[in-house]
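Colleague: I am new to reading structures, and I would like to learn by asking questions. Could you walk me through this one?

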Amino acid sequence: MKQNVIEIIQKALESLNTVWGANLPDIEVEVPRDETMGDLATAVAMRLTKVLKKSPRKIAEEITGKINEQQPDFFEKIEIAGAGFINFRFKKDFFHKSLGMLLEEGHLSLRTDIGKGQKIQVEFVSANPTGPLHIGHGRGAAVGNALCNILKAAGFDVQREFYINDAGLQVKLLGRSVFARYQQLLGNDVPFPEDGYKGDYIEFIAQEINNSEGNKYLNRTFEECGEFLTDYAYKMMLADIEKDLKDFGVVFDRWQSERELHMQGKVESAIKDLKSRDLIYEKDGAVWFSSSRFEDDKDRVVKKQDGEYTYFASDICYHKDKLDRGFDTIIDIWGADHHGYIPRVRSVLEAFDLPGDKFKVVLIQMVSLLRHGQPVQMSKRAGAFITLREVIDEVGPDITKFIFLTRKADSHLDFDIDIAKEQSAENPVFYVQYAFARISSLFRQAEEKGVMSQESRVSGRGVSQYAPDLSALIEDEEISLIKKFLQYPMVFEGAALACEPHRITYYLQELAGIFHAYYYKHRIISDDNRLTPARLGLCKGVKIVLEEGLKILGVSAPERM
RNA sequence: GCGCCUGUAGCUCAGUUGGAUAGAGCAACUGACUUCUAAUCAGUAGGCCUGAGGUUCGAAUCCUCACAGGCGCGCCA
């Protein structure tokens, strides 16, 4: 729909430009807020006022004149309105044909190829393997997963990666915590590390070690058995994390271990590489990266006085490694509390010659968990926090994901467990899923009643002798519905370009709303042999779009509810 | 102190990258189940888009300042 109009405007502008000789702006087409204004509108005329020094209406007239010369056959009306908008209204026939194409080609016709096979890597969740995933990680997982689905459907070659921070002090602390609990469990009352992890899961791990290894580490020092216990604990944690994510419906293509980068000598060589670019220097007994030569406000230490690499050093290496693996674009999804880290990582990528617009960070804001409208206090150190596992078990993955995707990633989110659990109108997931289930039910009915137009026939390729006569769809609500799903590719493309999955969530709610109203007002299955198949065809179209959208969000589309 | 994010209906939030008369859900109120699923629908009401300037044909959107809230500013990870 959009592309048709853009091409036509483009042609008109080009032919006019032989007179104008101006710099043509990008043509932007939008859906007017009010349906009475038309189906699509453009504000190009207003954008040209400055260059051409003419009134916007005058320019709009010249453009529409040229458009009319092309005599496009799908417009019912082109008019100039307001300050200089050009409004396009399509013929009903155009909508019928568009629906026909959707039914013929299925959900693949909803996708685009703006990615053109570009390799893009999305790194998300990347939680420390020192404890279970909490609800904030869940939000990151939901957003990252949906974003990957979107990018893939938009023609990008997407890789999903989880970065494991298994090299630092945090993991060692996990080991010490487990060590203490293990000793205590077997009656050796060693002190618990001061800022150790206090959650119950630590005792659980200690118990597991006792089950599989017995008491052979009892009364040993941490130096003697710490490495084994640490490895055991963090691997167990990691397996847990992977399982939680899988049950949440999020699967990664690759898990990158930080420790591995160190062991392969890649950290060292990454720093060397920077040094060869003259971006590394020594000062005060430490080694620094000149990040302030890029976008950072000061230089950063990569190797401390004690000779240890900093966490940032691993990150330099990790991001260089992403580039070495041949990705054109790199997307990192981080908790919003890490936003201060963006300039230095951006500096790293620029130092390695990646253009600035090829690195994007999506920030995930905090989730405040509520129960009965009251905030639940969360303290990670004390081990008192709500895990993703608990929420999945209590609320379910579909609802949880959908709620995470009803907000822009970068804004705070209140997650009320009780409301989420209620199977009520307050829950927007059901609204969308219900529309899908209703349509599914219609097709079951149609089949039972032996209505000619079964779902498979309505949609099937190569069975055109059964194809419904879509010109029977003349009600306003029917045309509105078709218009709405013709907008899907625009919304979808916008979501891909802006990395904003929530746009699809909103769109689906709107589409479901229009469908519910239509369903209520008009009977789909009747004894009208021409109208019934056409309306079922329309419903099939809605169903295809709903299914595609839900799939992209990672939410299931149930046949019954 | 510096930086980033946020501020839109009573509540929770959208707002198509600067466009037309600012939208949705919930809550409130009025109505609709002998019906293909009422997890639904129709309607009413609700606004100084935090405030003040500025940029231009045009601002919730961009710029400056103020106010309020959140988060960051380590040779921690």
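This is a predicted model: local features need pLDDT of at least 70, side-chain atom pairs count only at pLDDT 80 or more; totals for chains, interfaces and linings use all residues.

Colleague: What is the order of the strands in the open sheet of five?

Modeller: Here the pairing is parallel. Strand E7 (254-257) and strand E12 (359-364) are at the edges with a single partner strand each, so one side of each has no neighbour in the sheet. Neighbouring strands are turned by 25° against each other on average, direction ignored. Reading across, the order is E7-E6-E5-E11-E12.

Colleague: And in E7, which residue is the bridge partner of Phe-162?

Modeller: Start from strand E6, residues 157-164, which pairs with E7 in the parallel sense over four bridges. Phe-162 has its bridge partner in E7, and that partner is Trp-255.

Colleague: Let me step back to the whole chain. What share of the residues in chain A is buried?

Modeller: Chain A contains 21 helices and 15 strands. Its C-alpha atoms fill a box of roughly 85 × 65 × 45 Å along the principal axes. Of its 561 residues, the buried share is 52%.

Colleague: Now for the RNA. How many residues surround RNA strand B?

Modeller: Among the closest are Arg-33, Phe-85 and Arg-407, and also Tyr-431 and Tyr-434. By type, the residues of this surface divide into 28 nonpolar, 18 polar and 16 charged. The number surrounding RNA strand B is 62.

Colleague: Of the atoms of RNA strand B within 4 Å of the protein, what percentage belongs to sugar or phosphate?

Modeller: These atoms belong either to sugar or phosphate, or to bases. On the phosphate side, a polar side-chain atom of Ser-441 lies 2.5 Å from a phosphate oxygen of RNA strand B. The share for sugar or phosphate is 62%.

Colleague: Which residue has a polar backbone atom 2.6 Å from a base nitrogen of RNA strand B?

Modeller: The bases have their own contacts with the protein backbone. A backbone N or O atom of Gln-305 lies 2.8 Å from a base oxygen of RNA strand B. For the base nitrogen at 2.6 Å, the residue is His-522.

Colleague: Which element gives the most to the surface near RNA strand B?

Modeller: Several elements give two or more residues to this surface, including helix H2 (44-52), strand E4 (85-90), helix H6 (169-185) and helix H20 (502-521). Helix H16 (428-448) is also one of them. With eight residues, the element that gives the most is H16.

Colleague: How far apart in sequence are the parts tied together by Arg-530 and Asp-469?

Modeller: These two form a salt bridge, and their closest N and O atoms are 2.7 Å apart. Arg-530 is partly exposed at 44% relative accessibility, and Asp-469 is partly exposed at 35%. Arg-530 lies in the loop between H20 and helix H21 (531-553), and Asp-469 in the loop between helix H17 (455-459) and helix H18 (476-486), so the parts they tie together are apart by 61 residues.

Colleague: Glu-478 forms a salt bridge with Arg-535. Is Glu-478 buried or exposed?

Modeller: The closest N and O atoms of this pair are 2.7 Å apart. Glu-478 lies in helix H18 and Arg-535 in helix H21, so the pair ties together parts that are 57 residues apart in sequence. Arg-535 counts as buried at 7% relative accessibility. Buried means under 20%, and Glu-478 is at 0%, so Glu-478 counts as buried.

Colleague: One more: how many salt bridges does the structure hold?

Modeller: Side chains of opposite charge can pair when their charged atoms come close. Glu-161, Arg-254, Lys-266, Asp-321 and Arg-325 are linked in a network of salt bridges. For the structure, the number of salt bridges is 36.

Note on methods: Residues are numbered from 1 along each chain as its sequence is written. Chains are lettered from A and ligands numbered from 1 in the order in which they are written. Side-chain values use heavy atoms; hydrogens and water are left out. A residue is near a molecule or strand if one of its heavy atoms lies within 4 Å of it. A polar contact is a pair of N or O atoms within 3.5 Å; within protein, one must be able to donate a hydrogen and the other to accept it, and residues adjacent in sequence count only if both atoms are side-chain atoms. Ala, Val, Leu, Ile, Met, Phe, Trp, Tyr, Cys and Pro count as nonpolar, Asp, Glu, Lys and Arg as charged, and the others, Gly among them, as polar. A salt bridge is a side-chain nitrogen of Lys or Arg within 4 Å of a carboxyl oxygen of Asp or Glu. Buried means under 20% relative accessible area, exposed over 50%, partly exposed in between (1.4 Å probe, protein chains only). Two strands pair if DSSP finds at least two bridges between them. Axes are lines fitted to C-alpha atoms, for helices over the stretch in contact, and angles run from 0 to 180 degrees between N-to-C directions.
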